[in-house]
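Please keep the model open beside the text.

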Amino acid sequence: MRRVIVDQIDLANLVPGGTDTCIADILARGDLDDPVVVGITNDPSVRLGRMTDREFRGRSVKFIPVARFSRDRTARRVRVPDSLKLILGAVRFRREIPRESVIWQVHRIEVGFAALLLFRPTRLVQFVHNAAAGLSGDNSDSAWKGLGRVYSKLESFVGKRANGIVVFNQGDGERLSSLFGRVMSARTWYDESVFYPREAQVLAGPAGLGMGPLVLWVGRLEAQKDPELAIEVLASLIKRNKDARLVIAGDGSLLPQIKSRAVELGVLDAVEFAGRLSRMDVADRMRTSDCLLMTSHYEGSPRVLVEAGACGLPVIATAEADPDHVISDGTNGFVGDRNPFALAELVEKAKLFCSSYDCVEAASERSADRVISSILAVGVDDESAS
């Protein structure tokens, strides 16, 4: 069946990581027949509501932009949820969106709710990328913060009616499966054409001490990811080794606060604020770093963790940042609590004990070709999810 993907995605301006990468890889690597993407644009020359053919990573994709806005949170004065603007645009241009004999694929619970209520597509597959408790919790940067009961009601409405649910979170996958069935508890993947180790790394053992560690941090500079903790870890590392350095790849509303914290701790000169990087640039950074640091308060199935492993890079993560339990202590990284001193110790241990070969081996089962085909089977028939 033809697939219609509905999300606040701009095919001309992808955001690295997360939902955009999931959709982009499905379009590029999945076995899809004439797919349609209903998304957004920030280009004033693009006409809203018109279906056009786009070349996307060597494939033809039909694209219908239904709303015009920037996803840069630092550029907003009043924050209106992106998904609401997407929904309103989809309603406005509803006649242009295919509904008969298609599978609708949506990536936000509120978009799934609106689709079922207003559009009633032939089939609907709901993707869930983050833990419900995290989205509505105190450390969330989502519009769902503090609205757990409302989210739960929408989740129940969609869960009872969707033809399939793909959940990128082990705990929520088990919970939703017990409630609704038709659930696939999925894990994110890495693109093996982009994320791979340097040839010399594959044969290398642990790096040993020597020069101070080069730590990479990748993500949105928002409350969920807790980038301030990364600055505090760097300060602890510098007390042990003055040559320690931190690269922060990402952007967001907390950038001024993070820079101020680095000044306060006296480590600003040891931090490179690289901004938002392309996937290729992130992979290159991974191949030249000593470890990836993840400080999130919550995650779904974090893609960057697996991508780092595929590049031969060990990961130091808070427990909340590894819900899939991908990290095996001393093999492909370490998991610690939210204490910056303890995390700094783990960074040094990773350099001593974790080999690039073990990191690559741990990630090998999560390549895109192995995962995407199984995900696309969900919702195709009544027996597809488990």
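**Cavities, rings and a buried glutamate**

The lining of the second largest cavity has eight nonpolar, two polar and no charged residues; here Ala, Val, Leu, Ile, Met, Phe, Trp, Tyr, Cys and Pro count as nonpolar, Asp, Glu, Lys and Arg as charged, and the others, Gly among them, as polar. Before going further, note that this is a predicted model, in which local features need pLDDT of at least 70, side-chain atom pairs count only at pLDDT 80 or more, and totals for chains, interfaces and linings use all residues. Residues are numbered from 1 along each chain as its sequence is written, and side-chain values use heavy atoms, with hydrogens and water left out.

The second largest cavity has a volume of about 50 Å³. Its lining includes Leu305, Gly309, Asn332 and Cys359. Helix 11 (303–310) and helix 13 (356–363) are the elements that give two or more residues to this lining; helices (H or I, at least four residues) and strands (E, at least two) are DSSP runs, numbered from the N terminus. A cavity is a set of points on a 1 Å grid over the protein atoms alone where a 1.4 Å probe fits but cannot get out, and lining residues have an atom within 4 Å of a point.

Now to the largest cavity, with a volume of about 60 Å³. Among the residues lining it are Val6, Trp104 and Phe119, and helix 3 gives the largest share, four residues. Its lining divides into nine nonpolar, no polar and no charged residues.

Next, the rings. The whole structure has five aromatic pairs, counted when ring centres of Phe, Tyr and Trp (its six-membered ring) lie within 6.5 Å, with planes under 30 degrees apart called stacked, over 60 edge-to-face and the rest tilted. Phe127 and Phe168 make a tilted pair, at 6.1 Å centre to centre and 45° between the planes. This pair joins strand 6 (residues 123–128) to the loop between strand 7 (164–167) and helix 6 (170–180), 41 residues apart. Phe127 is buried at 1% relative accessibility, where buried means under 20% relative accessible area (1.4 Å probe, protein chains only). Phe168 is buried too, with a relative accessible area of 1%. Together with Trp189, Phe127 and Phe168 form one aromatic cluster.

Finally, look at Glu155 in helix 5 (residues 148–161). Glu155 is buried, with a relative accessible area of 8%. Beyond its neighbours within four places in sequence, Glu155 contacts (heavy atoms within 4.5 Å) Ile109, Ala132, Arg175, Leu176 and Phe180.

Note on methods: Buried < 20%, exposed > 50% of the residue type's maximum accessible area, 1.4 Å probe, protein only. 1 Å grid on protein atoms, 1.4 Å probe; cavity = no way out; pocket = protein on both sides within 12 Å on 5 of 7 lines; lining within 4 Å. Points joined across faces, edges and corners; volume = space filled by probe spheres on them.
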